[in-house]
Amino acid sequence: MPTKLRDQLIGAWKLVSYIEHPIDGSSPSHPMGEKPMGIIMYTADGYMSAQLMSPGRRPFASGDWLDGTAEEYRGEASTYIAYSGPFRVDEEKRTLTHSMFVSLFPNWIGQSQPRAVAIEGDLLHLATESPIRIGGRMVIARLTWQRARAGENPA
């Protein structure tokens, strides 16, 4: 197995869990349910893409993604996270930073966000390095991913 963190990250990973831990000590939550769906990919040329969603999202009644109701758009945006851009690894500190070139949430465009990172076998553990505001609460978001295998159905 490669010893460099960057080399270990390269490839695709399936989302196993997404848990938000409020810093006020209140109970953790699963904002995308107990079995969230998602893929995060790291490329050898230094780019990443993350796509996460709640299972069971409802289709738009119109069948047209540009012709939804306000309620459909709210449901669409509140059950999906997507962003892509360059990533950086500091091998000495064993840290990872995602930079958002594009994002479903426009406030993230142009931001760089450090991640706490650990790899154990075929599991990748990522967390926000410092608290972020989600749903009006300050939380540490912790996500676990499992390495995807070539040709494997992500579900």
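Reader: With which residues is Leu52 in contact, leaving aside its neighbours within four places in sequence?

Author: This is a predicted model, in which local features need pLDDT of at least 70 and side-chain atom pairs count only at pLDDT 80 or more, while totals for chains, interfaces and linings use all residues. Residues are numbered from 1 along each chain as its sequence is written, and side-chain values use heavy atoms, with hydrogens and water left out. Contact means heavy atoms within 4.5 Å. By that rule, Leu52 is in contact with Leu15, Tyr18, Met32, Met37, Gly38, Thr79, Tyr80, Ile81, Leu143 and Trp145.

Reader: Is Ser17 buried or exposed?

Author: Buried means under 20% relative accessible area, exposed over 50%, and partly exposed in between (1.4 Å probe, protein chains only). Ser17 has a relative accessible area of 17%, so this residue is buried. Beyond four places in sequence, Ser17 touches Pro36, Arg142, Leu143 and Thr144.

Reader: How is a pocket found, and which residues lie nearest the centre of the largest pocket?

Author: Rolling a probe the size of a water molecule over the atoms shows where empty space is left. On a 1 Å grid over the protein atoms alone, a pocket is an open set of points where a 1.4 Å probe fits, with protein on both sides within 12 Å along at least five of seven lines; lining residues have an atom within 4 Å of a point. Here 35 residues line the largest pocket, and Tyr18, Ile81, Trp108, Ile132 and Ile134 lie nearest its centre.
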